[in-house]
Every structure is written in structure tokens, then in C-alpha cells.
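Morning, everyone. I have one structure to walk through today. Here it is.

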Amino acid sequence: MEQALDRKEIVEKPTLTQEQAGQLIVRLYGFTVQSLRPLDSYDDLNFHVTVENNNSWPHGYTMKVTNGTDSKHKDLIEVQTQMMTFLEDRGFPVPRVVPNRHGELMSLENLKGDDIGSYSGNMVRLLTYLPGTVYHDVPMTPALAYEAGRFLAKLHEALDNFSHPALHRPDYLWSLTGLNRLENYLHCLKDDRPKELIREVIEVFREEVLPRVGELPQGVVHGDFTATNVLVNEEPSSSGKDIICGLLDFGDAIFDPYVFDLGIALLHLMSVVRRIRSRLEGSLWQDLKAYVP
């Protein structure tokens with residue numbers, strides 16, 4: 001999505017009815033659709049699909065229709081597939097991309113973009129659907145915070161052996177290296193009270209952090225280890241203990257300082273801890289303790 005914001009393009013979410021989505025599944029993948037429902041998404045369009053006679057993956061699939069703007073950047077979509085395959089081969093619970101009837105991992109389709117008849121090219125992929133509950137919807141405990149930190153540390157360690165030129169994108173808006181650009185969007189805040197605080201944070205970051213970014217350990221990171229992209233389930237062998245069972249959405253992957261990825265994870269950990277301050281501090285400490293033993 002960074003391309004759209006940097007070039008002032010408008011990202012238009014694809015428009016498909018459930019009937020049209022089912023027809024697309026049949027045409028591209030040859031499956032007989034058993035059920036189909038829309039999933040939450042930001043600027044893409046996602047559907048959970050179950051199909052008949054599917055013994056290889058009983059949880060069904062996610063059909064992902066990428067918005068027309070991001071679909072123009074085939075290399076960034078290809079690297080997501082390569083990254084997920086790399087991690088799955090190393091035992092990480094991530095989606096796997098399913099080839100279509102032509103043996104392709106994605107297909108550029110001309111789909112209707114709005115109600116006035118315009119069409120855009122949209123990349124369509126089918127991924128294995130991972131069962132679980134999003135991080136945001138489970139009670140946060142110190143044990144789960146520790147598990148999240150440990151998972152992220154192992155992820156960074158594994159990705160130290162993964163590289164792709166498309167991930168070197170220094171102008172990517174959602175990287176923390178571009179934090180100072182948030183000043184261009186402060187006018188969007190209706191409440192003036194937080195604006196000065198935000199400006200102060202940006203100024204400190206610009207003066208004290210950005211000049212030393214090159215000194216920070218860097219590598220390929222997920223970039224969006226957040227409350228809606230991390231799946232949790234109860235560990236079968238330990239009643240009441242939650243474990244991370246899935247990691248979704250690699251669209252923000254980037255070569256970046258590891259501490260930026262950790263900072264994003266901590267921010268969203270704070271968003272799911274809604275109780276007392278001591279519980280928040282304990283969870284943050286456990287997350288950091290697991291990441292940096």
C-alpha cells in the first residue's frame with residue numbers, strides 16, 4: 001500500500017459478490033465450493049472457502065484478491081509466497097499458496113473495481129486457511145506474551161537466511177524509518193491535543209534515532225506482527241495454555257532493523273492488554289525477556 005500513499009494514488013478495494021467469488025474459485029482452481037464467506041481485510045478482499053472432497057487440507061482456504069494498486073507490483077507479491085514457503089519448510093505455521101489449474105501461484109484478473117463499470121487488474125491467490133483465534137481476541141497473560149516474544153525471536157533468526165531485492169525498500173511508508181512523514185498527516189486528527197506530543201516524538205526520533213539507524217542489526221522482518229495477524233490456540237497437551245499457531249499477512253515484509261519489528265509487536269501487545277497497569281508491565285517484560293533472553 002506504500003506505493004499508493006507515496007504517489008497519491010487511491011487504493012480501491014476490489015468488489016466481488018460471494019457468487020462471483022465462488023465462480024472465480026471454480027474457474028481458476030476447479031474446486032466445487034461447499035461454503036464461502038467474506039473475511040475482514042483492509043484494502044484487499046479475502047474469502048474463507050471450503051470445498052468438497054478436500055482431504056488434504058480440511059480447514060479450507062483463503063482466496064485473497066489484492067487491490068489493483070498493489071497488484072501492479074508482482075515482485076512484492078512473489079516475495080510473500082517465497083517467504084511463506086521458506087518459513088513453512090522450517091516448521092513455522094504460515095499459509096501455503098495453492099497452485100491454480102494452470103500450475104500458477106497467482107493470476108492477474110480483470111475485476112470490477114466500483115459501481116460505474118471500471119475494471120482493474122487484481123492478483124488472485126489461494127492460500128491454506130489456518131485455524132485459530134486472533135491475538136486480539138484472547139486474554140493476554142505473561143505466558144502468552146513470553147510465547148510471542150520467543151516466536152518473534154525465532155522468526156528473525158530463521159529469516160536471517162532469507163533475502164530478496166524487493167524487500168530493500170527504504171521509502172516504504174510503513175517502515176519506522178519513515179516516521180517523520182507522519183507530520184504530513186497530522187491535519188487528519190480532529191483533536192488538537194495529541195498533535196504536539198506526536199510532533200515531539202517525531203522530532204526526537206528524527207534527531208536521535210534516524211542518524212544511527214545504520215548501526216542497528218537489520219534483516220528481513222515480517223513488519224506487521226500485530227494483534228490481527230497472529231493466531232493463537234490452546235496447546236493440546238497443556239490445558240489452558242495458549243500457543244501461537246499461525247502468522248498471517250506478509251504484505252509489509254521488509255529489510256529493516258529488527259528492533260523496529262519488535263517495537264511494532266510491543267505496541268500491539270499493549271493494545272490487547274486492557275486491564276491494570278501492572279499486568280501491562282508484566283506482559284511487556286515477558287515479551288522482551290523471551291526475545292532477548
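Start with α2. It has 12 residues, and at 1.5 Å a residue they should span 16 Å. The expected span is 1.5 Å times one less than the number of residues. The end C-alpha atoms of α2 are 16 Å apart, which agrees. Helices here are DSSP runs of H or I with at least four residues, strands are runs of E with at least two, and both are numbered from the N terminus.

Some provenance before I go on. This is a predicted model: local features need pLDDT of at least 70, side-chain atom pairs count only at pLDDT 80 or more, and totals for chains, interfaces and linings use all residues. Residues are numbered from 1 along each chain as its sequence is written, and side-chain values use heavy atoms, with hydrogens and water left out.

Back to α2. Which of its residues are buried? A21, G22, L24, I25, L28 and Y29 are. They cover an arc of only 155° around the axis, so they sit on the same side of α2. Buried means under 20% relative accessible area, exposed means over 50%, and partly exposed is in between, with a 1.4 Å probe and protein chains only. The arc is that of the directions from the helix axis to the C-beta atoms. Just after α2, G30 takes a positive phi of about 75°.

One more residue in this helix: R27. It forms a salt bridge with E109, and the closest N and O atoms are 2.7 Å apart. R27 lies in α2 (residues 18-29) and E109 in strand β4 (residues 107-112), so the pair ties together parts that are 82 residues apart in sequence. R27 is partly exposed, at 46% relative accessible area. E109 counts as buried, at 10%. A salt bridge here is a side-chain nitrogen of Lys or Arg within 4 Å of a carboxyl oxygen of Asp or Glu.

How many salt bridges does the structure hold? It holds 10. Another one joins D44 and K64, with the closest N and O atoms 3.5 Å apart. D44 is in the loop between β1 (33-39) and β2 (45-51), K64 is in strand β3 (residues 61-65), and the two are 20 residues apart. D44 counts as buried at 11% relative accessibility. K64 also counts as buried, at 14%.

Those strands deserve a look. β1 and β2 form a hairpin with five residues between them. They pair in the antiparallel sense over six bridges. Strands count as paired if DSSP finds at least two bridges between them. L36 has V49 of β2 as its bridge partner. On to β2 and β3: antiparallel again, over five bridges. There, H48 has T62 of β3 as its partner.

β2 is mostly covered, with seven of its seven residues buried. L45, F47, V49 and V51 point one way. N46, H48 and T50 point the other way.

Next, an open sheet. Three strands form it in the order β6-β8-β9, and the pairing is antiparallel. The edge strands are β6 (133-134) and β9 (242-247), each pairing on one side only. Five bridges join β8 (residues 230-234) to β9. One partner pair there is L231 with G246 in β9. Helix α4 (residues 142-159) lies across β8 and β9, running at about 35° to β9. Axes are lines fitted to C-alpha atoms, for helices over the stretch in contact (heavy atoms within 4.5 Å). Angles run from 0 to 180 degrees between N-to-C directions.

Last stop, α5. The 17 residues of this helix (residues 193-209) should span 24 Å at 1.5 Å a residue. Its end C-alpha atoms are 25 Å apart, which agrees. In α5, K195, I202 and F205 are buried. They cover an arc of only 90° around the axis, which puts them on the same side of α5. Why can residues spaced along a helix point the same way? An α-helix has 3.6 residues a turn, so residues three or four places apart do.

The face of α5 turned away from its buried side carries exposed R193, L197, E207 and E208. R193 has a relative accessible area of 71%. It forms a salt bridge with D191, the closest N and O atoms being 2.7 Å apart. D191 counts as partly exposed, at 33% relative accessibility. Finally, E183, E203 and R206 are linked in a network of salt bridges.

That's my tour. Questions, please.
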